[in-house]
Amino acid sequence: STQFYKWLNHLMSLHVQTKPSNCSPDWETKVLEYFKEKLKDNEAASWVPSLNDVPVHYLKANSLVKFRCFIQDMFDPEFYMGVYETVDPSSKSKVLRSGKYKDVAECGHQVDLNTKNAVTLERQTFYCVPIPGESPWVKEISFSYSCSNPARVVPSTSYAPCRHKRSYEEDEDMETQPHKQKEQLGTTDIHGSGDPKRLETEAPSSLSNAASGCSSPLDLNFPLPGEKGPACLVKVYEEWELFKVNDILEVYGILSVDPVLSVISEDKDSSLVDPMDCTESVEEQRVHCPPASLVPRLHMLYAHRLQHNNPLLPPAASEGQSSSGFLNDVVSVRGELLGYLTHVLLGDALAAEYLILHLISTVYARRDVLPLGKFTLNLSGCPHNSTYTEQLYRVIQQLIPSSFRLGMSLHNMNNLRLVPRKDYTANRLLSGVLQLAPNTSLFLDETQLEQGQLDSTGVRNITALGNLISWQKVDYDFNYHQMEFPCNINVLIASEGKSLLPCDCHVRLQPQLAPPNLEQYISTIQVSLSPSLLNKFRIYLSLLRTLDYSISEEVTKAVEDDFVEMRKDDPQSISAEDLHRLLVVARLLSLSVGHTTLSRDRWMRAKHLETLRTNRTEQQKCVNGNEP
Amino acid sequence: MSSPSATPTKDDILCAAWSEDALTPPSRRRRTDDASTSDLQPMPTSPVTDMRSPAVQDTSLFSSPAPFSHLSDTIDMSSPLTYGTPSSRVEGTPRSGLRGTPVRQRPDLGSVRKARQVDLHSDHANGPEAPASEHSVGQKLVIWGTDVNVGTCKEKFQRFLQRFIDPSSTDDENAGLDLNEPLYMQKLEEINVVGDPVLNVNCEHLQSFDADLYRQLIAYPQEVIPTFDMAVNELFFERFPDSVIEHQIQVRPYNALKTRNMRNLNPEDIDQLITISGMVIRTSQLIPEMQEAFFRCQVCAFSTRVEVDRGRIAEPAVCRNCNTTHSMALIHNRSIFSDKQMIKLQESPEDMPAGQTPHTTVVYAHNDLVDKVQPGDRVNITGIYRAVPIRLNPRQSNVKSVYKTHIDAIHFRKTHEKRLHGLDEEAEEKLFTEERVRTLRELAAKPDVYERLSSALAPSIYEHEDIKKGILLQLFGGTRKDFSQTGRGGFRAEINILLCGDPGTSKSQLLQYVYNLVPRGQYTSGKGSSAVGLTAYVMKDPETRQLVLQTGALVLSDNGICCIDEFDKMSDSTRSVLHEVMEQQTLSIAKAGIICQLNARTSVLAAANPVESQWNPKKTTIENIQLPHTLLSRFDLIFLMLDPQDEAYDRRLAHHLVSLYYQSEEQLEEEFLDMAMLKDYVAYARSYIEPRLSEEASQALIKAYVDMRKIGSGRGMVSAYPRQLESLIRLAEAHAKVRFSDKVETIDVEEAKRLHREALKQSATDPRTGFVDISILTTGMSATARKRKEELAQALKRLIQSKGKVPTMKYQQLFDDLRAQSDVAITKDMFEEALQALTDEDYLTVTGKTVRLL
């Protein structure tokens with residue numbers, strides 16, 4: 001396998017240096033075909049070192065690497081020398097070269113640009129960052145996969161994948177090691193835990209951008225504050241129209257870290273700057289040509305869009321051999337998970353039931369403007385001024401591949417940039433917290449909200465959250481106009497009373513237990529969970545999202561009858577909106593036990609659940625008159 | 001002029017060959033590549049580069065080894081390159097005629113013109129006369145690398161100018177011209193009169209007149225446009241020999257059909273003439289670009305001019321007069337500069353595919369095009385697409401394998417200009433393919449097109465057929481009429497609709513749908529928007545410190561639909577703004593010294609919730625939503641979206657909802673097509689169909705109106721006002737548009753009547769009597785209620801009179817007495833209303849708890 005990797009690398013270098021004149025035109029496509037075929041094999045793919053796991057400076061330049069990433073922005077297409085001719089100054093011999101998969105034309109020779117053989121081609125650049133909000137366990141597991149492979153190639157001799165010996169020159173910014181991530185686990189959700197030091201050093205990435213001068217360190221434009229990992233400029237050579245902003249991809253490509261690329265930005269200050277060269281402002285230069293050591297270039301050979309980033313599942317959900325086996329014990333896993341979440345929710349089984357439904361919900365289709373399948377849950381009755389919401393988020397983070405906890409404090413609402421905004425000076429999309437990959441969980445902590453004034457940013461942020469919940473879309477701010485980006489984000493709102501944001505379903509938490517020390521209580525539950533069971537939970541939650549679902553004619557009829565019946569007794573009892581919700585609950589309930597069609601029993605069960613839930617809210621209304 | 005054979009022939013220099021056989025032009029040249037080679041060479045700043053001094057280079061421009069002097073008056077003079085060198089500039093006045101008029105450089109055409117650096121001091125006078133000699137050999141000459149023959153090209157273009165007629169032109173550029181006379185000759189006359197030496201040429205005209213010339217223009221703009229310039233100047237000065245204009249006429253082609261969309265630009269477009277549309281997002285400061293450097297010898301004061309060559313000035317190393325080396329110094333204020341400006345253009349939002357970010361392109365504007373556009377403008381730019389390699393390091397030969405691209409602008413055209421001037425045309429001419437038009441027409445011919453379209457509208461929302469039909473008509477709108485001659489001003493063509501009803505009856509969803517459907521829709525919520533957000537506000541631009549007028553939702557949705565959710569939650573001051581917009585269709589602003597009136601020809605689609613959480617069927621519309629009747633009467637249609645509470649409806653609703661949850665992807669796909677079709681249908685009808693009332697329809701309308709008035713008059717109330725008639729006309733026109741009909745016919749009126757009646761039935765029914773009463777909407781109170789109020793006041797008066805001469809009485813006592821006397825229940829509100837009425841009559845006053853007679 002080492003051989004294989006070396007061979008692959010060799011192949012690629014051959015490919016890169018080929019003289020196109022010598023081979024048939026379809027040679028290139030053939031190589032790419034062969035290469036894709038090889039990578040389909042899961043094992044072969046795991047030999048390729050990943051930018052997510054290995055710091056850039058340990059990787060060999062011009063070698064094959066992979067990168068699991070999120071398309072944050074798309075730059076303008078660029079024209080490059082597809083084929084060019086070089087002239088050897090001594091022998092005057094001319095050689096045709098390919099400019100594909102390269103940033104810099106071959107040095108040492110005089111490049112002859114006048115030749116008729118030269119071909120100009122077009123390629124597209126994507127600005128990619130690691131998947132925002134990716135849970136530490138995902139990083140850990142995918143890292144351990146690549147480590148556990150006994151035949152794993154160490155691409156550079158100086159780098160051993162040992163987690164504890166970090167070389168002293170290791171760049172903080174390039175830090176990707178899960179080990180380190182683990183240490184930071186406590187501080188990832190900076191706005192919740194309120195570690196003031198962290199807040200100062202990391203949060204500003206979203207606040208002070210173009211305004212800050214050149215002296216500030218490069219802002220890598222991660223959607224979430226406090227994120228780490230390499231950002232990458234991915235050069236795409238074909239079919240770039242197929243990719244969209246906010247897609248998550250696994251990219252296989254050739255790494256390019258030519259230091260020459262960084263020279264540009266340094267030379268800008270020298271007197272040799274071409275006075276006519278005013279197309280790009282300094283800010284734009286910094287963004288579009290950042291130093292290659294910080295933002296490596298990746299020339300894409302092949303990429304596939306990921307439906308999820310759960311390393312425990314095969315990448316494409318359609319390959320469901322393993323899943324069919326798993327479906328057999330879905331019911332038992334569900335039971336275990338329900339028990340676990342009930343404990344976490346202080347003994348409230350109904351809330352736990354709804355939490356499971358929420359966690360497996362996903363927008364599976366849209367009818368004109370209406371997103372179908374979203375299930376925003378508002379968990380009210382969370383104790384104010386306690387770390388409970390934080391603990392709860394910690395538990396969810398353990399289960400879900402990517403998530404983010406947004407403390408809705410006044411300060412955050414008034415200062416955070418939630419909606420991505422186009423910065424025309426630097427010509428890029430400044431990311432915002434709501435620029436998230438599909439199926440990311442957003443945990444809104446409303447218990448942090450206190451009385452006070454929302455300024456205009458705050459109002460806009462709240463509106464954006466409302467739009468996200470109601471329509472599953474975010475209107476990106478392009479200054480002169482807005483652009484609507486559909487999204488698929490699971491929103492969970494933890495609040496004291498009913499949330500001020502709209503939601504699909506409101507569950508009042510009714511704790512059965514009152515443990516004296518919440519923190520300790522939760523951590524005991526977490527510790528007692530066996531890792532294998534935890535992994536089963538993870539597979540369960542990711543897998544069920546991908547299942548198809550249908551309703552038979554017969555059940556449709558029954559549901560209709562039921563609805564008419566209910567309305568007959570009391571027209572106020574159920575509205576069209578309630579039926580919408582009931583249908584979503586029924587769908588999720590069926591899926592949660594692995595059924596892909598709706599049965600009468602499930603329908604009755606869904607109705608029962610809804611009755612329990614509404615009764616609880618009614619009760620609460622009586623107890624606490626001022627709650628609407 | 002010293003060594004004629006020194007440097008090798010440069011590819012980028014135009015040459016002429018004696019016969020076509022001798023020189024077959026390569027089909028595609030890479031001029032940019034050429035330019036880069038020399039870019040990469042070190043700047044000639046030291047005496048080492050002596051050989052590269054301009055004078056030397058000049059002579060090597062011609063492939064023919066023949067001595068320069070012999071060539072100059074034949075070939076060179078026929079080439080467009082000779083025309084317009086700065087040296088031909090005649091300094092000082094008076095000037096007229098071709099030779100006398102100075103030439104303005106065209107940096108927009110790039111470096112090629114600078115390539116010829118023939119010293120024409122001696123023979124420039126012959127220059128313009130060259131065509132004479134050229135005709136004899138003309139057929140054989142082509143510009144190197146192209147198939148352009150200067151003579152033929154010139155001739156063809158002159159023929160085009162002299163003969164082109166476009167009787168069907170609707171172009172606003174041709175306003176005021178006689179369409180049956182040669183168009184461009186009239187424009188030349190205009191130039192003679194106005195003195196603005198720019199001739200804009202519509203490429204579409206050229207294409208229809210001479211497709212081959214058009215092809216050449218697109219493919220070799222750098223060579224062809226100077227030829228056009230030359231042709232037009234000859235023609236102009238032939239006709240107007242005594243004309244004095246600032247500089248020679250420049251031809252600015254526009255509307256090249258090659259590329260429309262920024263996203264479609266590809267390497268094949270390099271060096272071609274393209275037209276793209278987009279939005280200006282940033283403009284740079286003015287950059288002075290040196291066109292010609294002036295050097296003076298510090299020893300002997302000999303002076304010389306050096307033209308810029310691909311962005312470089314070759315400093316003369318030796319003084320030609322006294323042979324001193326390094327004695328030439330640049331004199332800045334005698335050098336010639338041209339203006340240049342960098343403009344960033346971004347793809348218009350409509351062109352962007354979903355889920356992608358917009359592309360941007362750099363555009364350079366030159367000379368008088370500088371500062372023609374501002375950030376935020378939507379423009380169509382015609383220019384030459386360029387690509388220049390990026391050097392990694394000026395000292396190395398390394399080349400980054402990427403090109404920088406930009407467009408040298410030749411012509412700007414603002415797409416919003418018409419909007420600002422308030423012309424009655426759709427601002428954006430949406431282009432439809434013939435095939436699309438045919439499908440649309442086929443659809444329009446179907447008898448049930450109206451039903452089809454209304455059911456295609458928001459299919460996920462169940463039933464509410466009439467509401468959908470109303471919204472459909474709103475999308476089309478009426479015909480815009482102009483009565484400004486008679487002093488009435490514009491006549492509103494937009495249809496306004498208000499939806500009110502119980503919360504959770506998918507009102508917002510309808511609004512969202514409409515907002516997504518129309519190209520210029522705005523969506524705001526009454527809760528979140530202030531008067532300022534709706535209208536316009538003045539902002540200080542952080543960069544320029546200038547005051548800028550920022551427009552709000554209503555202005556932005558000019559010619560579109562402004563969807564306002566939670567209309568009832570809007571503050572009074574905000575609502576008051578709507579009064580002007582909804583009837584006059586304008587918006588007056590007086591803020592921070594800016595006083596203006598903006599067009600806001602927007603349809604308003606609003607949704608309001610009842611004040612009580614549930615709609616109270618016992619109350620009137622006004623009472624339910626608590627909106628001022630002045631505003632309500634400006635809505636053409638007011639619909640109630642209520643829960644019908646009937647079994648059959650429930651069943652259908654349930655079926656509809658359940659089916660939402662298991663429909664397959666393909667079915668969803670189908671619907672999406674419908675939405676695109678609907679969009680095109682609406683856009684087409686809006687821009688091309690302008691129905692007029694037929695005689696029958698007018699009669700039908702009159703009858704309908706009279707009938708409406710009659711209904712009420714029987715019971716002593718007015719059930720229709722002229723506003724309702726106007727609404728009917730608008731609705732009928734919109735319905736005719738749906739049918740793609742140029743005439744409003746009786747069926748249109750019938751449907752308008754039906755829809756109007758339906759809406760009235762829902763919203764203007766007096767809950768007390770069950771009759772439709774328009775005064776609920778126009779005065780806020782039904783006629784019966786008003787009558788009742790009066791009666792009560794009279795009863796109260798009688799009661800007080802019956803008590804005899806008591807100057808004061810107790811409030812509560814009076815109330816109780818009145819209640820005891822009356823046989824209907826009297827609420828405190830009613831009692832107070834009655835008291836108020838009597839107070840207004842000056843019959844009594846109420847102070848605290850006592851009522852005092854006057």
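**Helix α14 of chain B and the residue that follows.** Helices in these views are DSSP runs of H or I that hold at least four residues, and they are numbered from the N terminus. The model shown here and in the views below is predicted. Helix α14 of chain B spans residues 449-456, and its buried residues are B:Val449, B:Tyr450, B:Leu453, B:Ser454 and B:Ala456. These residues lie on the same side of α14(B), because they cover an arc of only 160 degrees around the axis. After α14(B) comes B:Ala458, which has a positive phi, near 45 degrees.

**A:Thr617 within helix α21 of chain A.** A:Thr617 is placed in helix α21 of chain A, which runs over residues 600-623. The side chain of A:Thr617 has a polar atom 2.8 Å from the backbone oxygen of A:Arg613. A:Thr617 counts as buried because its relative accessibility is 18%, and the cut-off for buried is under 20%.

**The aromatic pair of A:Tyr80 and A:Tyr237.** Over all chains, the structure holds 20 aromatic pairs. One of them is formed by A:Tyr80 and A:Tyr237, whose rings are edge-to-face, at 5.6 Å centre to centre and with 90 degrees between the planes. A:Tyr80 belongs to strand β2 of chain A (residues 78-87), whereas A:Tyr237 sits in the loop between β6 (232-236) and β7 (248-256) of chain A, so that the pair ties together parts 157 residues apart in sequence. A:Tyr80 is buried, with a relative accessible area of 1%, and A:Tyr237 also counts as buried, at 8% relative accessibility.

The rings of B:Phe160 and B:Tyr184 form a tilted aromatic pair, with 5.2 Å centre to centre and 40 degrees between the planes. Because B:Phe160 lies in helix α7 (residues 150-163) and B:Tyr184 in helix α8 (residues 183-194) of chain B, the pair ties together parts that are 24 residues apart in sequence. Relative accessibility is 0% for B:Phe160, which counts as buried, and B:Tyr184 likewise counts as buried, at 0%. Both residues belong to one aromatic cluster, which is formed by B:Phe157, B:Phe160, B:Phe164, B:Tyr184, B:Phe209 and B:Phe228.

**Cysteines without a disulfide.** The count of disulfides over all chains is zero. A:Cys505 is in no disulfide, as the nearest cysteine sulfur, that of A:Cys503, is 7.1 Å away, and a disulfide needs two cysteine sulfur atoms within 2.5 Å. A:Cys505 is buried, with a relative accessible area of 1%. B:Cys322 is in no disulfide either, and the nearest cysteine sulfur to it, which belongs to B:Cys300, is 3.5 Å away. With a relative accessible area of 28%, B:Cys322 is partly exposed.

Definitions and conventions
Residues are numbered from 1 along each chain as its sequence is written. Chains are lettered from A and ligands numbered from 1 in the order in which they are written. This is a predicted model: local features need pLDDT of at least 70, side-chain atom pairs count only at pLDDT 80 or more; totals for chains, interfaces and linings use all residues. Side-chain values use heavy atoms; hydrogens and water are left out. Buried means under 20% relative accessible area, exposed over 50%, partly exposed in between (1.4 Å probe, protein chains only). Helices (H or I, at least four residues) and strands (E, at least two) are DSSP runs, numbered from the N terminus. A polar contact is a pair of N or O atoms within 3.5 Å; within protein, one must be able to donate a hydrogen and the other to accept it, and residues adjacent in sequence count only if both atoms are side-chain atoms. The arc is that of the directions from the helix axis to the C-beta atoms. Rings of Phe, Tyr and Trp (its six-membered ring) pair if their centres lie within 6.5 Å; planes under 30 degrees apart count as stacked, over 60 as edge-to-face and the rest as tilted.
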